[in-house]
Amino acid sequence: MLIREKKHRLSPESYEGRIEVAFTACVRHRLPLFVDASLVDKCVEILLREAANEHCDVLAFVFMPDHCHLIFRGREDRSNVLRLMNRFKQHTGYFFSQNSVGGRWQKDFYDHICRDEREVQEQIRYVVENPVRKGLVKHWKDYKFKGSTVFDLDEW
């Protein structure tokens with residue numbers, strides 16, 4: 001069976017500059033990789049390093065057992081959120097393979113470019129409430145694999 005690669009509908013230039021984009025990346029075969037705090041900590045370390053390299057803020061992140069939600073904001077004209085996402089997946093994927101994690105990223109990811117501040121707030125709310133919808137916690141503040149470089153999510 002031939003599997004077609006889904007191309008992003010927007011040009012790479014659409015992801016440059018001062019822009020907010022929500023991404024969702026899934027683990028291949030939906031394996032529950034992100035249940036180990038040390039693995040999540042390593043992924044967060046890589047995420048924060050790559051965000052700094054690309055001059056981006058991480059408005060919110062949540063690592064669910066088999067996928068992650070990430071919302072980025074480009075801080076400068078030279079920011080590139082698409083390159084940030086690609087580098088995050090590349091470096092975490094390399095870490096997975098070098099450390100016998102037992103899983104890989106699914107090819108590509110879903111993204112949504114936010115058009116205004118209201119939409120950014122809606123995306124953040126959707127991301128942080130994901131563990132509640134999946135029955136992992138009763139209140140999103142109780143979920144441990146979340147964070148932001150901009151907001152104190154426990155005060156949000």
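**Strand pairing and the core**

Reply: Strands here are DSSP runs of E, at least two residues, and helices are runs of H or I, at least four residues, numbered from the N terminus. This is a predicted model, where local features need pLDDT of at least 70 and side-chain atom pairs pLDDT 80 or more, while totals for chains, interfaces and linings use all residues. Residues are numbered from 1 along each chain as its sequence is written, and side-chain values use heavy atoms, leaving out hydrogens and water.

Me: In which sense do β2 and β5 pair, and over how many bridges?

Reply: Two strands pair if DSSP finds at least two bridges between them. β2 and β5 (residues 146-147) are antiparallel, with two bridges.

Me: And how many bridges join β2 to β3?

Reply: Eight, again in an antiparallel arrangement.

Me: Why is β2 largely enclosed by the rest of the structure?

Reply: Buried means under 20% relative accessible area, exposed over 50%, and partly exposed in between (1.4 Å probe, protein chains only). Nine of the nine β2 residues are buried, so the strand is largely enclosed.

Me: Which residues touch the most other members of the largest nonpolar core?

Reply: A nonpolar core is a set of buried Ala, Val, Leu, Ile, Met, Phe, Trp, Tyr and Cys residues joined through side-chain atoms within 4.5 Å. In the largest one, of 47 residues, they are Phe34, Phe63, Phe72 and Phe88. β2 gives this core its largest share, eight residues.
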